[in-house]
Amino acid sequence: MRKRNEAVPVRKLSVCVLFGGVSPEHEVSLRSAESVLNNLDHAKYNIFPVGITKNGSWIHYTGRDYGLIPTGEWETAPENRRAAISPVRGQGLLTFEGDCVVRERIDVVIPVLHGVNGEDGSVQGLLQLAGIPYVGSHVAASAVAMDKTLTKLVADQTGVRQAAWHLVWSGDLENQRERVLDMVERKFQYPMFVKPAGTGSSVGVSKVRDREELSTALEVAAEYDGKILVEEFIRGREIEVAVMGNDSPVASICGEIDSGAEFYDYEAKYITETSQAYIPARISETAEETVRDAAVRIYRAIGCRGLARVDFFVTYEDETVVFNEINTMPGFTSISMYPKLFAASGIPYPELLDQLISLACEAQRT
């Protein structure tokens, strides 16, 4: 019998960190996972790292050297087990060893998956069926935010200004290339941006200055998505703000990215060292409040939960705020803006993860 006033031990939450994925952003996810796993408090949580290889195999990585994740060496660790999250409620994480199946209770999942097959509502649907709380937006909001054209349609309803845009279908590009090029040139002046509708991390994104570059950029974007977004060029600072919360989301201070390149592309984000972040952003207090307010409005309109990073342009001439895009599972690498922005707002990385886990459990109850 427990003595009076004796503390009741608190059960550690079992947290599954999903990473990798069948996605062009696989490598970014590996880097994010390394940082998340290194910042989770092992005294508070039982941690189950589960990686998804590029060919779709699920592996329970039992090693504690998280530095092997970005290199890909984690896939061949000797104690690894095949794994799966069961859609059957109550079964949780299944790991396989020979003919044996081990079931592990999972209290919450952090799907550190970027891009298709992870951030687009697919994994969220699996976790919803399984009845397991998870960090981030639910199915509908994830799907809408992943498709830049759908995001644009929702953002239109908020009254927040955004860059003018035009949708190109890859099928039309194949069959009516000259007509498509003529239509885009009538709508926009050079330079302009070309983006696949459903990728993040600037994968497949091009800045184009003439018809030949436009034609090539459309082809590149079509390799990633059948829907291609063409946008007007906005001359301004690239501003990012982190948002966190469920029914009452809050925005961090604003950060600014100086890409040191034509734009903040994949190489500038993750490979080269040309980019520089400014926290806080080099904008006026009025512009910062406008950005933060717009970020929360768009976050709520899409129906986001847990977290998102919302990106804007603030024009050089008069600090007009222009919405760019929203990312429902932003990068969590050691250089990523989302954790940096909240750290600068007074919430260090480990505490940020604690709050996101709490929000996931709260969202499951509502």
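Strand β2 (residues 45-52) and strand β3 (residues 58-60) pair in the antiparallel sense over three bridges, where strands are DSSP runs of E of at least two residues, numbered from the N terminus, and two strands pair if DSSP finds at least two bridges between them. The model is a predicted one, in which local features need pLDDT of at least 70 and side-chain atom pairs count only at pLDDT 80 or more, whereas totals for chains, interfaces and linings use all residues. Residues are numbered from 1 along each chain as its sequence is written, and side-chain values use heavy atoms, with hydrogens and water left out.

Both strands belong to an open sheet of seven strands, which has mixed pairing and the order β6-β5-β4-β3-β2-β1-β7. Because β6 (100-104) and β7 (108-112) stand at the edges, each with a single partner strand, one side of each is left without a neighbour in the sheet.

A separate strand entry, β13 (residues 250-258), contains Glu256. At 2% relative accessibility, Glu256 counts as buried, a term for residues under 20% relative accessible area, calculated with a 1.4 Å probe and protein chains only. The side chain of Glu256 makes a polar contact with the side chain of Arg237 at 3.1 Å; such a contact is a pair of N or O atoms within 3.5 Å, of which, within protein, one must be able to donate a hydrogen and the other to accept it, and residues adjacent in sequence count only if both atoms are side-chain atoms.

Notes:
Helices (H or I, at least four residues) and strands (E, at least two) are DSSP runs, numbered from the N terminus. Buried means under 20% relative accessible area, exposed over 50%, partly exposed in between (1.4 Å probe, protein chains only).
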